[in-house]
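Open the model in your viewer and keep the sequence panel beside it. This tour goes from the whole chain to single residues.

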Amino acid sequence: YKSLSSSAGIMNSWKYHYDIVRPGISLYGCADNINLLKKYKIKPVIILKGKILQIKKINANEFIGYNQTFKTKKKITVAIVGIGYADGILRQLSNNCKLYYKESSFNIIGRISMDSITVNISNAKVKIQIGEYMEIINNKFTAEKMAKKCNTISNEILTSISKRVKRVYI
């Protein structure tokens with residue numbers, strides 16, 4: 001059998017299909033070329049979420065995260081979410097990304113640690129409770145958008161998700 005086409009090749013031209021094709025990353029709604037995703041109406045299917053382990057009040061002028069990369073200016077409420085770089089969440093997202101809860105988004109504050117992410121939920125319009133989940137990757141913040149923020153590709157984002165993360169296939 002002759003095979004040349006990966007996901008991008010499949011979408012680029014039928015001339016490269018030969019005997020079989022390998023639709024790898026596009027099965028997850030990702031591709032290096034965002035225009036091809038739009039053209040073929042390929043939608044992301046990945047949702048990555050972490051469980052809220054703790055909710056705390058933090059006073060003004062307190063530091064959050066390793067190396068004190070975030071300092072509170074006023075009293076805030078934070079959620080500690082049980083997912084971190086050991087699960088594949090790149091540390092480049094520290095102080096530089098949001099997590100999602102229902103229709104709202106909340107800033108990651110402090111450095112992402114091995115097992116947790118701290119999120120400022122002070123402005124939550126809905127009640128957030130321990131045991132609920134916040135989304136890291138979803139239809140608003142896709143693996144493609146995360147990859148761009150981390151200066152990498154979606155393949156690296158998805159293959160970095162560790163075996164510690166439970167997978168549910170539907």
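Buried means under 20% relative accessible area, exposed over 50%, and partly exposed in between, with a 1.4 Å probe and protein chains only as cover. This is a predicted model, where local features need pLDDT of at least 70, side-chain atom pairs count only at pLDDT 80 or more, and totals for chains, interfaces and linings use all residues. Residues are numbered from 1 along each chain as its sequence is written, and side-chain values use heavy atoms, with hydrogens and water left out.

**Whole chain**

Start with a cartoon view. Four helices and eight strands make up the protein's secondary structure. Helices (H or I, at least four residues) and strands (E, at least two) are DSSP runs, numbered from the N terminus. Trace the chain and you read α-α-β-β-β-β-β-β-β-β-α-α. Along the principal axes, the C-alpha atoms fill a box of roughly 65 × 30 × 30 Å.

Now colour by accessibility. Of the 170 residues, 39% are buried. Contact means heavy atoms within 4.5 Å. Among contacts between residues at least 6 apart in sequence, 55% join residues at least 24 apart.

Colour by charge next. Lys and Arg count as positive, Asp and Glu as negative; His and the chain ends are not counted. Each charge is placed at NZ of Lys, CZ of Arg, CG of Asp or CD of Glu. The 29 positive and 10 negative charges have mean positions 5 Å apart.

**Stop 1: I80**

Select I80, in strand β4 (residues 76-81). Is I80 buried or exposed? It counts as buried because its relative accessibility is 17%. Show what surrounds it. Beyond neighbours within four places in sequence, I80 contacts K51, I52, L53 and Q54, as well as S116, I117 and T118. Then draw a C-alpha to C-alpha distance to F106: 12 Å in space, across 26 residues of sequence.

**Stop 2**

Move to N95, in the loop between β4 and β5 (98-101). Check its backbone: phi is near 55°, positive in a residue other than glycine. Most residues other than glycine have a negative phi. N95 counts as partly exposed, because its relative accessibility is 33%. Its contacts, leaving aside neighbours within four places in sequence, are T69, F70, I108, I109, G110 and R111. V119 is 24 residues from N95 in sequence, and 9.3 Å away from C-alpha to C-alpha.

Next, K102, in the loop between β5 and β6 (104-107). K102 is not a glycine, yet its phi is positive, at about 55°. At 58% relative accessibility, K102 is exposed.

**Stop 3: charges over rings**

Show side chains. A charge sits over a ring if NZ of Lys or CZ of Arg is within 6 Å of the ring centre and within 35 degrees of the ring normal. Select K49 with Y133: K49 lies over the ring face, 5.6 Å from its centre. Then R91 with Y85: the charged end of R91 sits over the ring, 6.0 Å from the centre.

**Stop 4: S162**

Finish in the segment after α4 (154-160), where S162 is placed. S162 counts as buried, because its relative accessibility is 15%.
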